[in-house]
Amino acid sequence: MAILSSSIARKVAMALSGLFLVFFLAQHFTINFTSVIDPDTFNSWSHFMGHNILVQFVLQPVLIFGVVFHFIMGIILEIRNNNARQISYKSFKGNRNSTWASRNMIISGAVILAFLGLHFYDFWFPEIVHKYVESNPLDATRYYPELVHKFESPIRTGLYCLAFVLLALHLWHGFSSSFQSMGWSNKYSRGLRAFTQFYAIFIPLGFIFIALYLHFNQIH
């Protein structure tokens, strides 16, 4: 951890882990979106992801480490930033100084972390039990019905939608600031910022659409 001893190194590490999670989020959205287009495709892709050795035993542990590292590093940076503010402002002008998203990254991050706990409880743990504890036979058609079942409850669906709203706020500031932390500043900065803001709105809204679609189109 000596390499993370400097503030610049910590910010770069935070940025890289965030960009890694942004890439995973896009991949996760792509697979989930097939559930509203073609359930058979969703079943096929989910079955592949759930039984591919590389995904299960290499990429999945890396992803879990990336999530834990990103949030721990975020807490560390927040604490150090607060300790570094030895001179308080005479007046605080709210959004004239910064956006709500930038001032409350630790709050939105904590809520997203809690949401990930719910997501693991809903999908990851049942999958582990299904495959490795109960040792059930392979069934490549079970994923879509199981996904739909999770969104039967309006309360759970509402929690998912709320979490994705906070994810949008988190991404609105965090995605673009990741490039700034790595010193990305050139003639493409304006276009890059526009892309990150589009991503911050489009991907969470896409997940909200999926949740609502599955809730209101139950299997009978």
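The accessible surface of the protein chain amounts to about 13,700 Å², with 69% of it belonging to carbon and sulfur atoms; areas follow the Shrake-Rupley method with a 1.4 Å probe, and for residues only the protein chains shown count as cover. The model is predicted, so local features need pLDDT of at least 70 and side-chain atom pairs count only at pLDDT 80 or more, while totals for chains, interfaces and linings use all residues. Residues are numbered from 1 along each chain as its sequence is written, and side-chain values use heavy atoms, with hydrogens and water left out.

The protein chain holds eight helices and zero strands, as DSSP runs numbered from the N terminus (helices: H or I, at least four residues; strands: E, at least two). Of its 220 residues, 38% are buried, meaning under 20% relative accessible area (1.4 Å probe, protein chains only). Among contacts (heavy atoms within 4.5 Å) between residues at least 6 apart in sequence, 80% join residues at least 24 apart.

A nonpolar core is a set of buried Ala, Val, Leu, Ile, Met, Phe, Trp, Tyr and Cys residues joined through side-chain atoms within 4.5 Å. The largest has 35 residues, of which Leu25, Phe164, Leu171, Tyr199 and Leu214 touch the most other members.

Another core, of five residues, lies apart from it and includes Ala13, Met14, Phe69 and Leu77. Beyond its neighbours within four places in sequence, Leu25 contacts Leu167, Leu171, Tyr199, Ile203 and Phe207.

Key: Buried means under 20% relative accessible area, exposed over 50%, partly exposed in between (1.4 Å probe, protein chains only).
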